[in-house]
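These are my notebook entries on a structure I looked through, written up in the order in which I took the topics.

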Amino acid sequence: MRAIVRNEALQQEQGDEVLRLRAQLERVQGRRLDAPVLPTHPAFAALLPGGGLRPGAAYSLARSMSLLLALMARPSQEGSWCAAVGMPELGAEAAESIGVDLARLVLVPDPGPRWLAVTATIAEVAPVVAVRPPTRVADGQVARLAARLRDRGTVLLVQGPWPQAEATLDVGDPEWSGVGRGHGYVAGRAVTVRSSSRRWPRAKRERMLLPGPDGQVALVAPSVVELVEGSNPSVVERHFDSRGALAQRGSPRDETLRTAEDHEYEELQRLEAEERHRERLRTARRVLEAVG
């Protein structure tokens, strides 16, 4: 009986200690660890702590405009204002094609030497702010901006390294599709997005279309290869529906497991290629008629 009482007391003490440390960590970070997040495209859910963009946090991104716009797309669609500071090459057409609501997008192409002050000011009113720092930022400036982000609940997307980032997302292994030997149109790009975070013991990876043939983001199906540290490579097939949800698993070498969505996608690709071919023929015919 005494042993049982001692065990219960010990468990209670350990539980109280965990709660105390959790509360202390939340006070230091200025936000709750289980606080709601801004949802993003389902393709990024597994790559972001909490499955989305955490208000008051900063994220360090590779210099990929497609990655940045893809993260901003759904928040803008759901009513959050987004801003991009110091990115003169960001095009409205590209942003719209990947899903960003232009009615809720603010562009500051050239903020000048006071770019950090501009970023901090916009963070007062825009829930999502993207910036490309032209120079290194002092630790004191980072701390002051972080305090403002936490106070306003603003998400900061930084193209480049950033101290105390919630997560760091890199893009690699690009593979373009749609281009043949000297002919064809670029239809899409498959990349591997790698995410590292202090909340995880090891990095996570997803293979995705960024962008796909329709300009949207999609997880690569039907299969990806996952390399597990300390073990032999294993091949895992993952099928996803239109919302990015996992549908089924199997062997990537078994063609009989391809879903109806895969067949529809291939048929759409074929029809689009035929339409482009017919359009080129019509153009050539008009040219010949014009020259007699």
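Where does D173 lie? I looked this up in the model, which is a predicted one, and found that D173 lies in strand 8. Most residues other than glycine have a negative phi. For accessibility I wrote down a relative accessible area of 53% for D173, which therefore counts as exposed, the cut-off being over 50%.

My next entry concerns Q164, whose phi is likewise positive and near 55°, although this residue is not glycine either. I located Q164 in the loop between strand 7 (155-159) and strand 8 (167-179), and I recorded Q164 as exposed, because its relative accessibility is 65%.

I turned to the peptide bonds and noted that the one from L210 to P211 is cis, with omega near 0°. Most peptide bonds are trans. P211 itself sits in the loop between strand 10 (204-209) and strand 11 (218-219).

For the rings, I searched the whole structure for aromatic pairs and the count came back as 0. I did find K204 over the face of W200, at 4.1 Å from the ring centre.

Last, I checked confidence: the protein averages a pLDDT of 76, and 61% of the residues score at least 70. I marked residues 25-32, where pLDDT stays under 50 and the model has 17 contacts beyond four places in sequence. I also marked residues 222-258, where pLDDT stays under 50 and the model has 58 such contacts.

Definitions and conventions: Residues numbered from 1 in each chain as written. Predicted model: local features only at pLDDT ≥ 70, side-chain atom pairs only at ≥ 80, totals over all residues. Heavy atoms only, no water. Phe/Tyr/Trp six-rings, centres within 6.5 Å; stacked < 30°, edge-to-face > 60°. Lys NZ or Arg CZ within 6 Å of the ring centre and 35° of its normal. pLDDT = per-residue confidence, 0-100. Contact = heavy atoms within 4.5 Å. Helix = DSSP H or I, 4+ residues; strand = E, 2+ residues; numbered from the N terminus. Buried < 20%, exposed > 50% of the residue type's maximum accessible area, 1.4 Å probe, protein only.
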